[in-house]
Amino acid sequence: MEAGQTQEKPYLYVCHGDEGGPSVHPCRRVQEALKAKGIAYDKEVAAHGSPIPFLRKGSRDELEAKTGSRKLPVMRLPDGTMLTHSREILAWIKQRP
């Protein structure tokens, strides 16, 4: 996001499994919950490859620099708050009207 811009929608960082992963996968569950509540959001597939760290392509250094976390999913709220665990994101979604 460029200086001076305001973010109006939550921004979600997900793994390569995105919406097509297993139904129990945190990245998919968070997206399904956002859609069920009708919450618009932007997203970025922020990591590719294996869930096993030494088999991943590249590192998660860039993700950590952006979000403060090396794990996904992560959601940045419009006020800049980072929700860094699927349980935390799902709790936030549940509180929305």
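**Helix α1 and its surroundings**

Helix α1 is followed by G38, whose phi is positive, near 70°; helices (H or I, at least four residues) and strands (E, at least two) are DSSP runs numbered from the N terminus. This is a predicted model, in which local features need pLDDT of at least 70 and side-chain atom pairs count only at pLDDT 80 or more, while totals for chains, interfaces and linings use all residues. Residues are numbered from 1 along each chain as its sequence is written, and side-chain values use heavy atoms, with hydrogens and water left out.

**Buried face of α1**
- C27, V30, Q31, A33 and L34 are the buried residues of α1, buried meaning under 20% relative accessible area (1.4 Å probe, protein chains only).
- Seen down the axis of α1, these buried residues fall within an arc of 160°, so they line one face of the helix; the arc is that of the directions from the helix axis to the C-beta atoms.

**Cysteines**
- The structure holds zero disulfides, a disulfide being a pair of cysteine sulfur atoms within 2.5 Å.
- The sulfur of C15 is 3.8 Å from the closest cysteine sulfur, in C27, which is too far for a bond.
- C15 is buried at a relative accessible area of 7%, and C27 is buried at 1%.

Terms used. Buried means under 20% relative accessible area, exposed over 50%, partly exposed in between (1.4 Å probe, protein chains only).
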